[in-house]
Amino acid sequence: MSAVQQETTVTANPTADAESRATRLMKRRSRVRFYEIVIWLAAIAAYFVLPSKMLILTEIAILALFAVSLDLVLGFAGIVSLGHTAFFGFGAYIAGLLALHFIAEPVIGLIVAGILSGVLGLLTSFLILRGSDLTRLMTTLGIGLMMAELANQMAWLTGGADGLSGFSLNPVLGLFEFDLFGKTGYLYCLAVLFIGTMIMRRIAFSPFGLSLKAIKGNPMRAAMIAVPARKRIVTAYTIAAVFAGMAGALLAQTTSFVSPDVLAFHRSADVLLVLVIGGTGYLYGGIFGAVLFTLVKDWLSVVTPQYWMFYIGLILVVLVLIGRDRLARWIEYLPERFSKSKEEGR
Amino acid sequence: MLTILFDGVAYGMLLFILACGLTVTLGLMNFINLAHGAFAMAGGYVTVIMMNRYGISFYWCLPAAFLVSALIGLVLERTLYQWLYQAPHLDQVLFSIGIVFMAIAATDYFMGGQQQLINLPPELSGRMDVFGVGVGRYRLFTIVVCALLAVALQFILSKTRFGSRLRAAVDDRRVAMGLGINVPLVFALTFAFGSGLAGLGGAMGAEILGLDPNFPLKFMIYFLIVVSVGGTSTVSGPFLAALLLGIADVAGKYYVPAIGPFVIYALMIVMLIVRPNGLFARGGR
């Protein structure tokens with residue numbers, strides 16, 4: 001990974017040279033960064049340091065997984081989605097229904113919810129292939145609203161406006177019982193978040209992730225260098241749907257309750273805001289954003305219980321007017337090692 | 001049956017008046033403004049306040065609603081919106097969602113969260129019988145006003161100097177500026193006019209659509225449907241789309257109440273897949 005190596009690979013075979021350079025660049029891009037380790041350590045430390053804050057920590061972990069999954073669609077593939085909560089809510093209902101009627105094992109529920117959300121994502125991904133930003137926006141929004149309407153109308157299955165309740169879950173993997181303080185819940189969510197982020201990290205920093213960014217940058221040129229844009233978008237959208245569904249399942253399992261609120265429009269807007277606060281296109285933006293957003297929202301809902309929405313709106317407006325790029329670049333102000341790797345990562 | 005059709009037409013006309021401002025901002029100026037409903041809500045609340053608190057006649061409230069909404073639109077355009085015309089769509093979406101959230105919370109704070117009711121003047125309420133068809137007087141009034149407005153709009157856009165300036169500014173901003181057209185002014189006036197129309201629609205729709213702080217969110221999707229299905233190049237496209245949507249929605253709610261909204265969204269998605277640029281789009285944009 002250094003200058004020495006760069007000099008040694010002098011041009012015997014130009015193709016091999018380019019290949020090895022590409023591999024090296026990819027490796028450098030996907031190197032584990034210092035801040036990543038810090039985040040995960042901090043998340044584990046939080047378990048011991050803040051035993052009374054388990055519920056809000058759980059909320060953060062779930063929101064983070066949701067936001068990271070959206071980042072794959074928005075930050076990498078460049079699709080503005082206003083209906084990402086369709087998958088979140090779908091996963092939540094699947095997990096709730098499974099626990100209510102069939103199996104109360106959380107991990108199985110999680111996986112089934114993820115798979116089914118992925119199927120939904122795959123089916124709907126074909127709808128977002130055509131048209132401009134606006135068309136995609138409308139289609140995703142339409143899908144989200146349709147899901148919400150469906151959940152509301154199919155009261156015999158989903159409990160309608162009252163939501164789904166009265167299910168309880170077995171211990172995770174038969175070992176760890178969900179407790180009243182949400183300690184198991186937090187660790188469970190954190191573990192899923194960690195695994196999910198690692199998988200998505202692997203995807204995002206692979207050539208596949210790079211090709212997504214190419215599509216985002218310029219679909220036509222991407223097509224010219226033989227990137228199959230449609231296929232890639234379908235795949236990315238499906239993967240994002242899987243993890244969004246899992247995030248929803250986590251919410252259902254840790255709260256033992258599913259309300260139609262999981263499909264509400266404001267959730268899609270919230271998760272966009274989360275991602276914008278944290279910065280798009282490097283996955284950890286979702287996690288940073290989730291921490292900040294949840295803390296701010298929690299604080300606001302204490303200060304102005306009824307009108308916190310106003311301030312969320314204000315934050316959005318101010319963010320856009322200041323320029324979210326400038327905000328997302330805060331990471332470059334960190335010591336040179338991270339900022340350098342960020343630059344290269346682009 | 002005919003009554004449903006009639007109600008649907010009235011509903012569609014209202015949607016057209018509400019959404020045609022958005023046609024211009026979203027379609028022509030290429031700005032994704034999800035906050036359009038907020039202006040409509042402003043108009044509606046102006047009417048409610050004037051009528052219920054000060055007892056001013058309904059007929060005076062309509063122009064007032066137009067003016068107030070237009071003024072709000074103008075101020076916001078000059079202070080905030082104009083900076084974002086060139087911004088990425090994501091920024092525009094986030095910004096306008098922010099505006100919607102603020103509008104909802106602020107309205108809730110000042111007016112309370114309940115449904116607002118207005119008392120129509122007696123000559124507009126009730127039904128009358130026209131050739132055996134029950135016709136709501138207020139709906140007839142709505143249709144007449146909206147139809148007049150639609151014709152006027154078409155006239156302004158296609159026949160007046162301002163209309164041609166607007167079309168020029170939209171087609172090629174730089175060339176239009178080079179020709180000495182004050183593009184920012186044209187855009188600002190258009191935006192204000194569109195907001196004003198939305199306010200008027202909100203005022204007239206308070207009776208038919210209902211009015212509460214969640215209005216902008218509830219009807220956002222309807223406006224977007226009108227614009228995206230109708231296309232943006234003409235006035236007649238959104239007009240037909242709005243009529244279709246109105247009739248489909250009223251009929252859907254009447255005949256299949258359980259899946260009424262579902263039909264609308266499904267129709268929209270199908271429409272977007274088949275004709276991504278709108279039903280009546282001109283080619284090559």
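A nonpolar core here is a set of buried Ala, Val, Leu, Ile, Met, Phe, Trp, Tyr and Cys residues joined through C-beta atoms within 7 Å; buried means that 20 or more other C-beta atoms lie within 10 Å of a residue's own, with C-beta atoms placed from the backbone. This is a predicted model, where local features need pLDDT of at least 70, side-chain atom pairs count only at pLDDT 80 or more, and totals for chains, interfaces and linings use all residues. Residues are numbered from 1 along each chain as its sequence is written, while chains are lettered from A and ligands numbered from 1 in the order in which they are written.

**View 1. The largest nonpolar core.** With 192 residues in this core, A:Leu65 and B:Val226 touch the most other members. Helices are DSSP runs of H or I, at least four residues, and strands are runs of E, at least two, numbered from the N terminus.

**View 2. Around A:Leu65.** Leaving out residues up to four places away in sequence, A:Leu65 touches A:Val192, A:Leu193, A:Gly196, A:Phe243, A:Met246, A:Ala247 and A:Leu250. Contact means C-beta atoms, placed from the backbone, within 7 Å.

**View 3. Where α10(A) meets α12(A).** Helix α10 (residues 207-217) and helix α12 (residues 229-255) of chain A pack at about 115 degrees, axes 10 Å apart. From α10(A) come A:Ser211, A:Leu212 and A:Ile215; α12(A) supplies A:Ala229, A:Arg232, A:Ile233 and A:Ala236.

**View 4. Chain B.** Here you'll find 11 helices and 2 strands. Of its 285 residues, 49% are buried.

Notes
Buried ≥ 20, exposed ≤ 12 C-beta atoms within 10 Å, placed from the backbone. Contact = placed C-beta atoms within 7 Å. Axes fitted to C-alpha atoms, helices over the stretch in contact; angles between N-to-C directions.
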